[in-house]
Amino acid sequence: MTGAAPPAASDPVRPPSPTASASDKQLARRSFIPRLPRVFSSPFLKAVEVDGESLLNKQDKEMSSPFSLNSTDAAILRSLFPHTIDTAFVRLEPSDSAPAAAAAGAAAGGVKGSSKPLRIGVVLSGGQAAGGHNVICGVYDFIVRIHPDSALYGFLGGPHGVYSGEYKLLTKDIIDTYRNMGGFDMIKSGRHKIETDEQKQASLEVCKKLNLDGLVVIGGDDSNTNAAILAEYFQAHGSSTRVIGCPKTIDGDLKNFFVEISFGFDTACRTYSCSIGNLMMQTLTQRDVYQFVRLMGRSASLLTLECSLRCHPNMTFVGEEVQAKKQSLKELVAMTADLVETRAKLGKLYGVILLPEGLIEFIPEVGVLIQEINSIVAAGEFDKKKLTAASREVLEMLPAHTQQQLLLDRDPHGNVQVALIHTEQLLLELTTEELKRRGFQHPFNGRCTYLGYEGRSGFPSSFDATYCYALGNVAGALIHNGVTSCMAVLKGMSCSSEVEEWVPAGVPLTRMMNLESRKGKDNVPVIKKFLVDIDRPLFKAFQQVREAWKVLDLYLVPGPMQLSSSQLEKPYTLTGPPPMEVLLPAAAAAAASSQQQLQKGCRLYFELLQQLQQLRSPLQQQREAAAIEAPQQLQQQGVVLQQGPVVEISAAEKVQQLQQMFPKSANAKGFCCQLGKGNPKKNKVGIVLVGEAAPGMANVLLGVMEKVKAAGGELFGVLDGKKLISLSSIENEIKMQKNLNAFPLLGRTVLDEMQLVAPGGILNNNCPVDVLIILGGTLAGSAALSEWISEKGEKCKVINVGGASDFCMQDPCLLLQQLEQVQQQQQQRQQMVCFTNTNTNNFNVAKAQTSLRDASGAAGLGFDTQTKAAAELVGNLMTDSNSAAKYFYFCLVGGGRGAEAEVAMQTHPNIVILSALSANLTPMEVAKKIAEDVAARTAKGKNFGVLLMNEDFFITNKPLRAVAAALSMNGGNAAALSGEEAAVFKSLPQTYQENLIEIFKTKGSFPKKAASFPILNCLAAMVGDLVKSEKAAGRFKGSFSPICFNLCEQVRGSIPSAYDCSLGYTMGLASGSLAVSDLLHSLPSAAVVITESVFSVSSISPLVVPLSCAAIACGLALKPKDAAAAAAASGSVAAAVAAGAFDVHLETPTQAAAAAAVSSKVQQQFLLQDKYLNSGPLQFSQQQGAAEADRRCSYFLSARE
């Protein structure tokens, strides 16, 4: 059997305590020892002057564009850098003795006693990039090797720390704490510039005071330009402090013939590509959504192009191509609409589109507009009348939110902050309008995702960790040899993965400069940015395959970065494009040119997977090959459910509610069940996905298939979106989805259960199967479906697996309509059917009830994966926030009830909004609480922090629910709101009032569209307004700059953790066993959930419960009889709502545990201590079984061990 049990797993690692200062992955990652180029094995190095051409190789010339200055600009540059313009290229080579300058005055204790201690300062400048700490560690290790009394000083907060004299001595303990860690929080960063003569002189005096031999500037093109200016000033004033730069930027635009790549780029690409791959599998599962994904990269589209080559999206916009071809905004919109129409003709109403955040600047007419705005703002206040007529017309055609974003405060360079312009939203809105204009006849749904700061402060990839550590050693060696005004580089990386063969060198900073206009000034020296060259191999390779990618779904899923890899995997931007057979295999190219093949729609993707191994990433292939751990008894052949002793579980007072809500199915007799050998039935079993897929669902399908096939039955699914058909022909494809993301093979059938029986639904006319398994959905929805099937006299039984266990996801209108048709029936006792792997005589009724209510919490499928994946991204963002120290990051996470608390216990954010404790609070009350916490931090000088909130906040918050439900029922008529609903509505900012009306103006839109409301942004805006008022009154000191991150969608499609793989497979085996069992004759329906949900997979026990009983047990409660009667008698759903005919109980065990875990005491610790943890990316061992490298308990499951 597929799930043959592997060797027994070792005990899982426990989660961190609330007072921990590092996660176990952080502790482990610190022990990684990067290799160094062979030259550093020599006790001494010498800097040998060389011709720059000698440092180049063929790859340098193929991948980078040549650069030269005209004679006029060269003369200007020489006049600006008279003392350093002739700095030579140098290569570091082995030497038998210390450099002459370093040997002079050598103190005892150095290597061979021949080198004096070195005193060096380091500064981090600009935005964060993974690996910066390793540069510092490399400098430290080098100078301590030279002499143990050497000293390293870190300037705090960026260049400002240099000229203000704010620094700290970096000791071994500090250095060791930050080895291989992301972010810049060791000494923090800043975007200040050392520009004025006063700042330069102050910097010189600080360096003189510290007696520094050198200053290492770690930054991007502007920061290294600043390093060149400082080196020139120091040389002109006879300073002995040498200035060396190191190439940092995740954008990848600090690259040329001599700088092969900037650090941080590789890590960012791997982080973003993981998210993009997840989104692709979600999109392939949903099949009715276009994902518009914006990536970082203000001036260069290198990140976007690299991620495109790694993931194969349907469309990628490259800003440099847009500029070169002078493509207008209208043309880009037309191209997007063309893609949508072309794919619709192939039956595909979904796709993935990538674009760089700087795209808007490359659009000719918008670029001109931005330049004019920058010039006007540089001279004073913005006035639209100062724009040219053409630019004014462009500005006025843009949506109001884009106009506002274009006018936000400029960055320190005087540029528009493109990271704050939602170009993806702009493109989506304009595409929607264009499709309407064209008369597009299909639904068009778009979602927007911004992949930003979470990619720049995570654990550095092995490549970045190694590269940066070597860069630090190079910088230290250059200073040791008296070299100044150079950038530390490593040559030969593009040609060799053998670190020992890399060549350390120094490249003159002035040799990379050109002259630009900045802040209204001409002839400003700046290191030239490297942009995507559309005539170079990388873009040419992309150009060859993009037309095929538009119509095919050759989605590649890299998965989370694996830190244990023994090989240094390097980015294509460094090595050149992958072989064409990787980007577009011959069989796929042939399919792209065959209309017959293309008409197969999404099925073509899975047919190609059968043939082409290269359509799977190495991690996908590894996960598919891994065994699954599951309870032994469930895996045995011929095992079925057998009747055991009767167990009475429902309280008598619940029976009336059962009869009212589910009159046809409320009277089923129940009994305890046990596993045993029997005669499985050859049933026809159908399986459909309702709502969103959760990690591990592919394994549910696998488990069901194995049990149904072993019984001689037949499995059915929806492959064409229209009807249930046999899946016997795709058994191998089902096996290929083992342990993998989302549920792309069958895809999502409907959003809620009752759509299955609506006109045009697959069950509208008849139910062609004996058993229908609902994946996802809700217990209430599945119970209602079972009731409908029973009403029609159909024999089909309904089983729900992985459904939401509370009524927050259920449409209150539909429930109340059911109440209007209540039939009074004789009260009868109701029992629960269950089975465990243990002795049924010891069955614990209370534990079963707890398990039912927690099916939407920690016991739910996908909770473990989603919270772990979210914890990595939140950890990255916390490190980033702590590095820049000027932003408050508001993060939205998902995974189920209590997910925000689980992620909080794994990461320790400053503010946690617990949904369970906020259920009865108005949004304004929540905003005031956040504002108080923000004020507490800013009072301590901490103008930064991280807030965490669950995506379920909206649907579990009763005041917001009431407003949305009322709008959904009255057609979006806000004027009809009254009382508390009206007050809550009016408390929201105007923009968000309009959003509410737009989202919930149609009946049935709540709660289906609840996720569309930007609750995080709304609360951030409300907090901003409160802070502004307090500041005006003189009661708030500090600054509040919020940035919002919705992390839910990109983690929902994650490769499942080992635990969720096992959980999904176990649930599949259990539901499959039930589907072929005689017991279904005694049940109208059933839910399969998990009891004894602990991290020890062998202890997992499935629980089978009649759906109607499960729904009542999980939260639905009718109000007193008179209220229900009054509502029913009125014949009006609206009157029923007003009468309060029913209520939703929101409490789940995980939420209760969350409130206890993230107590007010713990929250106070989190608020001000900043003991941020990063759990790192999800890791998978190459060994079989659940004893994975990531056997780390979730907090709530570990509490049950």
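The side chain of Lys 738 reaches the backbone oxygen of Ala 626, at a distance of 2.9 Å. That contact comes from a predicted model, as does everything else below. The protein has 1201 residues, and 63% of them are buried. Its secondary structure consists of 50 helices and 32 strands.

**Overall make-up**

- Of the contacts between residues at least 6 apart in sequence, 82% join residues at least 24 apart.
- Strands of a sheet pair through backbone hydrogen bonds, in either a parallel or an antiparallel sense.

**Lys 738**

- Lys 738 sits in a loop, with helix H30 (731–736) on one side and strand S21 (748–750) on the other.
- What the side chain of Lys 738 does reach is a backbone atom, the oxygen of Ala 626.

- Strand S22 covers residues 771–776, and six of its six residues are buried.
- S22 pairs with strand S18 (residues 684–690) in the parallel sense, over six bridges. Within this pairing, Gly 686 has Leu 772 of S22 as its bridge partner.
- S22 also pairs with strand S23 (residues 797–801), again in the parallel sense, over five bridges. Here the bridge partner of Ile 773 is Ile 799 in S23.
- Between S22 and S23 the chain passes through helix H31 (residues 779–791), and this β-α-β crossover is right-handed.

**The four-stranded open sheet**

- Four strands form an open sheet in the order S9-S10-S8-S11, with parallel pairing.
- Which strands stand at the edges? They are S9 (315–316) and S11 (446–451); each has a single partner strand, so one side of each has no neighbour in the sheet.
- Strand S8 (residues 290–295) and strand S10 (residues 351–356) are joined by six bridges in the parallel sense.
- Tyr 290 stands opposite Gly 351 in S10.

**Lys 348**

- Lys 348 belongs to the loop that links helix H13 (329–344) to S10.
- The relative accessibility of Lys 348 is 2%, so this residue counts as buried, the cut-off being under 20%.
- A polar atom of the Lys 348 side chain lies 2.8 Å from the backbone oxygen of Val 551.
- Leaving out residues up to four places away in sequence, Lys 348 touches Tyr 290, Arg 343, Val 551, Leu 552, Asp 553, Gly 601 and Cys 602. One of these, Tyr 290, is the residue that stands opposite Gly 351.

**Lys 540**

- Lys 540 is part of helix H20, which spans residues 537–551.
- Is Lys 540 buried, exposed or partly exposed? Its relative accessible area is 36%, so Lys 540 is partly exposed.
- Apart from neighbours within four places in sequence, Lys 540 is in contact with Ile 534 and Asp 535.
- Pro 577 is 37 residues from Lys 540 in sequence, and their C-alpha atoms are 9.0 Å apart in space.

Notes:
Residues are numbered from 1 along each chain as its sequence is written. This is a predicted model: local features need pLDDT of at least 70, side-chain atom pairs count only at pLDDT 80 or more; totals for chains, interfaces and linings use all residues. Side-chain values use heavy atoms; hydrogens and water are left out. Helices (H or I, at least four residues) and strands (E, at least two) are DSSP runs, numbered from the N terminus. A polar contact is a pair of N or O atoms within 3.5 Å; within protein, one must be able to donate a hydrogen and the other to accept it, and residues adjacent in sequence count only if both atoms are side-chain atoms. Buried means under 20% relative accessible area, exposed over 50%, partly exposed in between (1.4 Å probe, protein chains only). Two strands pair if DSSP finds at least two bridges between them. A crossover is right-handed if, with the strands pointing away from the viewer, the path from the first strand over the helix to the second runs clockwise. Contact means heavy atoms within 4.5 Å.
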